[in-house]
Amino acid sequence: MSRDRDPRTLRRPARSALIATSATALSLTASGCVVVHGEREILPSTTRAEAAQALQEFTTAYNEADKAYDGTLDAGHTTGALADIDSARLKAGKANNPDGNPRHTPLKLTDAKFTIPKKAGWPRWFVADAAGNKGGTARWLLVFTRSSLDDPFQVAYLTLVAPDKVPQFKTDADGWAEPVPVNSTDLATDPGDLSRTYTTFLKDGGETFTDGPHTSQWRAARQKNSKKPGMVTQYIDEPLTNGDYAPLALRTADGGALVFFTTRHFEKQTAYAGTSVPTPNKDVLALTKGEIKQSFTMEFVSNEVALDPKGQGKVTILGRIQGLTSAEGS
């Protein structure tokens with residue numbers, strides 16, 4: 001029998017960390033009308049015209065990559081959690097469909113609304129909220145970031161949220177939003193601690209989060225699946241908080257915050273002696289190393305968006321998109 005491998009050793013290298021830029025002269029285009037010197041200047045992260053252009057460029061690249069199952073076509077437009085999820089999906093698709101995606105339907109994003117925080121320093125970022133032709137009536141929330149003026153905006157977070165769950169944001173007289181520091185202490189949970197708090201909840205439970213499909217119901221499903229005839233399933237959850245995975249938060253009109261954050265999850269299936277782990281589907285096999293015999297470990301990356309209330313209260317997970325990034329059999 002092969003020796004089981006600890007699923008925590010199956011990590012794939014993180015994307016490059018966001019670059020810390022100092023004392024850089026930044027000038028926005030004529031449409032922006034602002035010139036900034038250094039990191040102390042507080043100004044909008046971008047112009048509304050540039051935000052719209054970034055959304056269009058992302059959508060075009062995403063569709064080209066999806067049609068060809070070629071991750072190089074949109075690699076320059078994704079980062080962080082979305083890059084991990086999207087690149088693995090395209091890799092599996094290419095392995096099973098070398099000629100491209102036979103089920104490709106172009107993504108169309110309409111009715112786009114842009115929430116652009118006014119802030120100092122890097123990264124600069126903004127949120128696009130759009131209707132999509134996929135995902136039913138859900139709104140597509142995309143967080144674009146860039147670490148210098150020379151870099152393109154890339155999507156780090158992508159989640160789908162019910163239209164009536166998207167909050168109103170606090171804005172100034174010019175319509176610019178307010179970012180929330182990751183170490184803010186006026187919320188139920190500091191945004192910087194949310195990834196760790198969430199993974200702790202998945203393991204131990206608690207009262208931090210409201211009940212729902214991504215909290216209490218997910219825990220219940222895991223507990224039900226942990227022991228099945230002939231097989232045991234173990235779960236390990238890890239926070240991801242640095243570099244391209246750093247949480248980002250916007251102040252809502254009621255004083256709370258909408259927080260985007262990332263987590264990593266491992267699911268290890270171990271069959272009893274004399275039995276074997278069920279063979280996964282072809283897309284999972286395309287991302288699998290080793291031979292699946294008695295154990296099988298899958299690694300997932302998940303990006304979440306949550307409402308973090310002001311003061312006391314429970315955090316609500318509004319949406320979560322998770323993707324398999326690697327797997328290993330033994």
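Student: Which elements cover the buried residues of α3?

Tutor: Helices (H or I, at least four residues) and strands (E, at least two) are DSSP runs, numbered from the N terminus. Buried means under 20% relative accessible area, exposed over 50%, and partly exposed in between (1.4 Å probe, protein chains only). Contact means heavy atoms within 4.5 Å. Here, the cover over the buried residues of α3 includes α4, β10, β12, β14 (295–308) and β15. The buried residues themselves are L194, S195, T197, Y198, T199, F201 and L202.

Student: What kind of model is this, and how are its residues numbered?

Tutor: This is a predicted model, with residues numbered from 1 along each chain as its sequence is written. Local features need pLDDT of at least 70 and side-chain atom pairs count only at pLDDT 80 or more, while totals for chains, interfaces and linings use all residues; side-chain values use heavy atoms, with hydrogens and water left out.

Student: How many helices and strands are in the protein chain?

Tutor: The protein chain has 5 helices and 15 strands. Its length is 330 residues, of which 49% count as buried. Among contacts with a separation of 6 or more, 68% join residues 24 or more positions apart.

Student: What follows α3?

Tutor: G205 comes after α3, and its phi is positive, near 80°. In the loop between α3 and α4 sits T215, which counts as buried at 2% relative accessibility. Leaving aside neighbours within four places in sequence, T215 is in contact with Y198, F201, F209, T210 and I317.

Student: Which residues of α4 are buried?

Tutor: In helix α4 (residues 216–225) they are W218, R219 and R222. For W218, R219 and R222 the arc is only 100°, which puts them on the same side of α4. The face turned away from that buried side carries the exposed residues Q217, Q223 and K224.

Student: What do the buried residues of α4 pack against?

Tutor: They pack against α3 (194–204), β10 (231–240), β12 (257–271) and β15 (316–329).

Student: What about a single residue in one of those strands?

Tutor: Take A271, found in strand β12. With a relative accessible area of 3%, A271 is buried. Not counting residues up to four places away in sequence, A271 touches G230, M231, S276, V277 and Q294. A271 and Q294 are 23 residues apart along the chain, and their C-alpha atoms are separated by 5.2 Å.

Student: How do I describe two packed helices?

Tutor: Two packed helices are described by the angle between their axes and the distance between the axes. Axes are lines fitted to C-alpha atoms, for helices over the stretch in contact, and angles run from 0 to 180 degrees between N-to-C directions. Angles under 35 degrees count as roughly parallel, over 145 as roughly antiparallel, 65 to 115 as roughly perpendicular and the rest as oblique. The axes of α1 (residues 48–68) and α2 (residues 80–96) come within 9 Å and cross at roughly 30°, so these two helices are roughly parallel to each other. On α1 the contact is made by F58, Y62, A65, D66 and A68, and on α2 by L82, D86, R89, L90 and K94.

Student: Which backbone features deserve a second look?

Tutor: Most residues other than glycine have a negative phi, and most peptide bonds are trans. In this model the peptide bond from W122 to P123 is cis, with omega near 0°. P123 lies in the loop between β5 (118–119) and β6 (124–132). Y69 has a positive phi, near 50°, and is placed in the loop between α1 and α2. D111 also has a positive phi, near 50°, but its place is in strand β4 (residues 109–115).

Student: Are Y69 and D111 buried or partly exposed?

Tutor: Y69 counts as buried at 8% relative accessibility, whereas D111 counts as partly exposed at 47%.

Definitions and conventions. Arc of directions from axis to C-beta.
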